[in-house]
Number of protein chains: 2
Amino acid sequence: MKPTDMAKEGTEMTEETEHMIEKNGAKETEHLVSAGDTKEMRAVILSGFGGLNKLRVTKKAMPEPQEGEVKIRVKACGLNFLDLMVRQGNIDNPPKTPLVPGFECSGIVEAMGRNTKGFEIGDRVMAFVNYNAWAEVVCTPLDYVYNMPDDMTFPEAAAFSMNFVAAYMMLFEVANLREGMSVLVHSAGGGVGQAVAQLCSTIPSVTVFGTASSFKHEAIKDSVTHLFDRNADYVQEVKKISPEGVDIVLDCLSGENTGKGLGLLRPLGTYILYGSSNMVTGETKSFFSLAKSWWQVEKVNPIKLYEENKVIAGFSLLNLLFKQGRCGQVKTVVEKLFSLYNQKKIKPVVDSLWALEEVKEAMQRIHDRGNIGKLILDVEKSPTPLMASDSTETSEAGEEEEEHEGDSDNKERMPFIQ
Amino acid sequence: MKPTDMAKEGTEMTEETEHMIEKNGAKETEHLVSAGDTKEMRAVILSGFGGLNKLRVTKKAMPEPQEGEVKIRVKACGLNFLDLMVRQGNIDNPPKTPLVPGFECSGIVEAMGRNTKGFEIGDRVMAFVNYNAWAEVVCTPLDYVYNMPDDMTFPEAAAFSMNFVAAYMMLFEVANLREGMSVLVHSAGGGVGQAVAQLCSTIPSVTVFGTASSFKHEAIKDSVTHLFDRNADYVQEVKKISPEGVDIVLDCLSGENTGKGLGLLRPLGTYILYGSSNMVTGETKSFFSLAKSWWQVEKVNPIKLYEENKVIAGFSLLNLLFKQGRCGQVKTVVEKLFSLYNQKKIKPVVDSLWALEEVKEAMQRIHDRGNIGKLILDVEKSPTPLMASDSTETSEAGEEEEEHEGDSDNKERMPFIQ
């Protein structure tokens, strides 16, 4: 029942996938198409904000590339904690539903619009997408598309883009990581955490403090200098080892951790908020019940920063790419990262591969923080047979589920993943 | 009546100075000492927080170096806007009065305590001091003392230490100034402003936006790419030229400028608050009337920083040195700066030299933002004869002056400086 644990490269569309389309398609007669009809594709659809039941795999019209766009036959997609927040509608200015989630993928160039110099059909590429990644085909402007290193697998590329770019920009462009510094990262076993740990190891004498669930410690202990349980009082634990604090705090939790993180900074240290996963509620509880925490983050007095010589920053790679037009800067970063990859100094850690139809199980796993490294949706993977009907069913009853706070209905829980 | 406009090196104690000691000392009979008594020295005393009248030159017991300290025969001292804030008591945790102000000086090593390896009697040095700089002799721990480059004059060294170290650390350690970036600096004609402009010129294609009083524009226009009047709406002016904003905002004004500065940042840009000169009140008005602005600085929501990809920092060199023990880091910066000085890439701009007895006029000049570059107290300079009695008198009547808001009594104003 476990997902495939190791990443594997899959460069061709398999017979199984086509078979599966038909099989799944049969459940949604209104979308039924013949296998030969190339104008439709499978995609994960979020029908509205809420619980796992809002997700299903369905058919959609296949996009065609506009001018400046590259059409990609998707092989693998990254699943991020942010995707949970999107699903719960727990983000600023949420888009309209229904939508296809997903911000990153890897695959093969299948066609190009006009003015897409630099790419050819058949190129193996990694891409950022402003939603719509979790599908068999995506189109995205060429500024968001990168030719992959030859040795990189598709799951690695999908695990690479957001996490390594974010980790690199935070460590080296927002903060200024140098020899001898110290870094605190939460969720050290997650995709960003592992990217941070690996990038820190490229600089001499960097101390990495990490928090992670205890069961992950054995697996990740070589990548992090000091590991604490995620429920431990990490402020006290860090101070025991380094009474002066740390130079860089990377916080994806938000809430009260902002004050704690600022408090742990050494003079000239930098606290970076790059997510707010504490805002994500339990999968069976109302997602509104905790959403208010987002606004309860303690505000910071600039005068205090002045007196204490501290720096506070926010980092959102998606806003940088899709709202703020900084593709050029990101491209430079991707080139540096590919160089580090080719030198074998960094390598994305893939936790597990999941079929599109298994997206709920995958989300539950990331919600439960069960993963070590990145969860990947492998577009060509067949769902584990017993789970296939569960994960693609549309739970009509679930539509009202969010209204019942403290709902004890466990139908959305995936008991096979702890 | 004007102060000496050009910096000059003065390496020896002159006859005039000794003569002046006696002359001035005669006004304060309780402190009168013979010229041959080496156990006392002249120093500027701040008798209590308030107006200019709280400052006078008097005799004080000469300090002797403790273990790890260097005793310096002072040649020149720097006068900073911060000294006005200290005088007004407008700083966090103000020290007890009476005190000798001043945080930086240059001079000649006259003696050393035990364990002061690296220095010899006769060394020309630049030093940071935690108060007490405005005197003929200071003692300070060797961590705060640097051997000066051979070509550097004493006034240059006194103009160099705080301003260039602060400018360098803000641009290159807090922010991450690189080729092609843009910087906004207020008070571009001041000591820090000129240091920022010069350091920016060491990096290719950096655009510097500066605000300064219009009468300074001709003098500083070569050092700054775009100059605006200090009363202009600089937000609009910057946006006209660079609609996207700037990469780095250096703010010594505080108050509403924090929000304006943050608003002007490009994505991944850094706002640095390094002072709050807007908190300084008029010299004849109550200094309490505006002190509350210090606490009215708008607080910053970290979530907003996250959404906008922005960085906010505070920088206080004095806290870094004297509260936070980062001498080692500062030493590295000073070495880099001396190297740039020796390569003739940077050169401190000295506005004017003033005798200790002219400290009030000097303070009025910096308060009125009349200076271009740094004001220096030249310990060996004789006060301009006509001014000597004014500037050393203790204005008893002035003790209550601060209580009268909007006081139109101009006795503290120096009409000869516009």
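Across the interface of chain B and chain A, 2 salt bridges are found. Please keep in mind that this is a predicted model. One salt bridge joins B:Glu173 to A:Arg178, and the closest N and O atoms of that pair are 3.7 Å apart. Between chain B and chain A there are also 16 residue pairs in polar contact, with both residues at pLDDT 80 or more.

Which parts of chain B touch chain A? The elements that each supply at least two residues to that side are helix 3 (154-174), strand 12 (265-273), helix 9 (302-308), strand 13 (311-314) and helix 10 (317-323) of chain B. Helix 9 of chain B gives the most, with 6 residues. Sorted by class, this side of chain B has 21 nonpolar, 11 polar and 12 charged residues.

Now the extent of the interface. In terms of residues, 44 of chain B are in contact with 44 of chain A. The size of an interface is often given as the accessible area lost when the parts come together. Here the area buried between chain B and chain A is about 3900 Å², and carbon and sulfur atoms give 56% of that. Which three residues supply more than any other three of the area that chain B buries against chain A? They are B:Leu268, B:Ile303 and B:Tyr306, which together supply 18% of it.

One residue of chain A is worth a look here. A:Gln329 is in helix 11 (residues 327-342) of chain A. Leaving out residues up to four places away in sequence, A:Gln329 touches A:Met169 and A:Glu173 in chain A, and B:Arg178 and B:Leu268 in chain B. A:Gln329 and A:Met169 are 160 residues apart in sequence, while their C-alpha atoms are 9.5 Å apart in space.

Next, the empty space. Rolling a probe the size of a water molecule over the atoms shows where empty space is left. How many cavities of 30 Å³ or more does a search of the whole structure find? The search finds 14.

The largest cavity has a volume of about 550 Å³. It is lined by 31 residues, and the closest to its centre are A:Asn80, A:Phe81, A:Leu82, A:Val192 and A:Tyr274. Among the elements of chain A that give two or more residues to this lining are helix 2 (81-87), helix 4 (191-200) and strand 15 (374-378). By class, the lining has 15 nonpolar, 13 polar and 3 charged residues.

That is the end of my part.

Technical notes: Residues are numbered from 1 along each chain as its sequence is written. Chains are lettered from A and ligands numbered from 1 in the order in which they are written. This is a predicted model: local features need pLDDT of at least 70, side-chain atom pairs count only at pLDDT 80 or more; totals for chains, interfaces and linings use all residues. Side-chain values use heavy atoms; hydrogens and water are left out. On a 1 Å grid over the protein atoms alone, a cavity is a set of points where a 1.4 Å probe fits but cannot get out, and a pocket is an open set with protein on both sides within 12 Å along at least five of seven lines; lining residues have an atom within 4 Å of a point. Grid points are joined across faces, edges and corners, and a volume is the space filled by probe spheres set on the points. Helices (H or I, at least four residues) and strands (E, at least two) are DSSP runs, numbered from the N terminus. Ala, Val, Leu, Ile, Met, Phe, Trp, Tyr, Cys and Pro count as nonpolar, Asp, Glu, Lys and Arg as charged, and the others, Gly among them, as polar. Contact means heavy atoms within 4.5 Å. Buried area is the accessible area (1.4 Å probe) that two parts lose on being put together, summed over both. A salt bridge is a side-chain nitrogen of Lys or Arg within 4 Å of a carboxyl oxygen of Asp or Glu. A polar contact is a pair of N or O atoms within 3.5 Å; within protein, one must be able to donate a hydrogen and the other to accept it, and residues adjacent in sequence count only if both atoms are side-chain atoms.
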